[in-house]
Amino acid sequence: MDHGQVSTRELVAGRYRTLEVVHREEGRTVWLGEDVEFGRPVSLIESRLAPLRPEVTPRRTVARILRESEAMELLCPGRVATVLDVVGDNGVLWTVTERIEGTPLGEILARGPLNYVRTARIGLGILDVLEAAHRRGVTHGDLSPGQVFVQEGGRVVVTGFGLIATSVTQRVTAPSYASPEQARGSSAGPAADQWTLGALLYAMVEGRPPFKDRGPVEATLRAVDRLPLRSPLNAGPLVPAITGLLRRDALERVPEPVVRASLTRIVSEDADEPTQETLMPRFRGAWLVAHRAGQAWSRPAVRRSVLVGAGLAVAASAVAVLVAALRPDDGGVSATGPQPSRSGAPSTSASPSGTGAPGGTSPPATSPTAAPSRSASSGTPRDPAVFHRYLAPEGFSIDLPRGWERVHSEAAGEGTYRVTFGASGDPRTLTVTYSARLGSDPVAIWRAQEPSLERTYPGYERVGDIRAVTYQGYQGADMVWLSTVDGVRMRTFGRGFLIGDDRGCSLRWTTPAADAKSTANQQALDTFLRTFRPNTT
């Protein structure tokens, strides 16, 4: 702690005396202080007050910080600092909390890198708070080493909730820990907190953040947005979790349950000091397990085998974002279908237009005698006993096999999202994604993603060429690849297409390769491609 600096300034709000500086970072100073009115010790966090949204007054800012901090304290007792008061003063926001017993993570980092086991323990403490916040729909958005306190015994306390939501900027302090989407000025969602968690883990094992402070805030944010990430050298078995969180595409970031499983395994097995090579087989099985059971994404802890595989699924699903843009013609989209939202999902099977289809177990047996109804998206009749129309809250629509449901969904900045569908006991999955800032050539987008596919999928092998297609009047591209999961060869068919302004959707259909061309899987893929309608607004 920087106990040598003692304040002689006037009382804050005529009531709080700052005593000693505990930690300084860009835009934030943490003080030990005293509430002279009640004679009690407090901590004061002095933050740069960013420009507020036009509809937000300083009073509303204070109210929001108090409200969100109180709610988080109830969700995570003892893990979120108790906020006593919030005071705005000459462009500075003072957050007054009960005295926080513990050392700011920034001060710990100043002493040098940590070993990966201690890093994993601290990371789990931060993750406890972030997961609770995200379940409540709250994004921290401004997390930094100065807002994480590590107490004796390892408990972690987090401060700073509520500040970013009132600001017109997307990062108030510590730009080195901003996510790429924040650096570009986009809104912060849970994925931004995931990036910052990855940046904190990186800083703990490397002794520096992924992108160093370059002086002016704008220069640091440009580096975050544009410069390549240097791979961590001292992370050991934390490498998959760190690199999975530090993916520039928010949809590719590894889900929090997967990160939890990784950190938990490292803490519980630190004597083994596993390497990245020993981790990879455990990740492989997870990919299939996480897609078969949606609850694997929400459980606080996941079996070791789920850990890496689920992470692989995340990275791979972002690959589904591949797409290319052409304006739709009038014949491409039926006026009868609801206007879905931006989305896309890779598929793995043969396309009705002649692309080889992957297979999988057939959908639940149904009676062919049920009266067929018209598909919402075309004049082709569909059997409601086999498929049903699904209207997604994101806005897209699609016909799904009976018994299928959402098993996982994620949203990120700029409206990007990913939704995965499946059924318990069925190894097949369909993923729909929407993304912005893609590019203009769908074939080139797939080619650019292929190195990531090779790293993500064990036994990756592309089948045939990447084919340019026209889909519903949009320019797109198809790609098929094989991979191995728990000894089972899987086949993925991906179709991506742009819907304008570098925005695009993709469908990814994944099935066991042995059943790729079965009638049931061909019918399912044909139905997905025929009935999918994105939201183009």
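Seven strands, in the order 13-14-15-19-18-17-16, make up an open sheet with antiparallel pairing. At its edges lie strand 13 (405-411) and strand 16 (461-471), each of which pairs on one side only. On average, neighbouring strands of this sheet are turned by 15 degrees against each other, direction ignored. The model described here is predicted.

Helix 11 (residues 442-456) packs on the sheet, where it touches strand 16, strand 17 (474-485) and strand 18 (488-500). The direction of helix 11 makes about 20 degrees with that of strand 17.

| Strands | Bridges | Bridge partners |
|---|---|---|
| Strand 15 (residues 429-435) and strand 19 (residues 503-512) | Seven bridges | L430 and W509 |
| Strand 16 and strand 17 | Eight bridges | V469 and G476 |

Strand 16 and strand 17 form a hairpin, with two residues between them. In the turn, Q472 has a positive phi of about 55 degrees.

The interior of the model can be considered next. In soluble globular proteins, nonpolar side chains tend to be buried together. The largest nonpolar core here has 52 residues, and I126 and L238 have the most contacts inside it. Several elements each supply at least two residues of this core, including helix 2 (105-110), strand 7 (148-150), strand 8 (156-158) and helix 8 (256-268). Helix 3 gives the largest share, eleven residues. Neighbours within four places in sequence aside, I126 is in contact with L143, V148, V156, L197 and L200. Apart from this core lies another, of 30 residues, among them Y390, L400, V480 and C505.

Conventions
Residues are numbered from 1 along each chain as its sequence is written. This is a predicted model: local features need pLDDT of at least 70, side-chain atom pairs count only at pLDDT 80 or more; totals for chains, interfaces and linings use all residues. Side-chain values use heavy atoms; hydrogens and water are left out. Two strands pair if DSSP finds at least two bridges between them. Helices (H or I, at least four residues) and strands (E, at least two) are DSSP runs, numbered from the N terminus. Axes are lines fitted to C-alpha atoms, for helices over the stretch in contact, and angles run from 0 to 180 degrees between N-to-C directions. Contact means heavy atoms within 4.5 Å. A nonpolar core is a set of buried Ala, Val, Leu, Ile, Met, Phe, Trp, Tyr and Cys residues joined through side-chain atoms within 4.5 Å. Buried means under 20% relative accessible area, exposed over 50%, partly exposed in between (1.4 Å probe, protein chains only).
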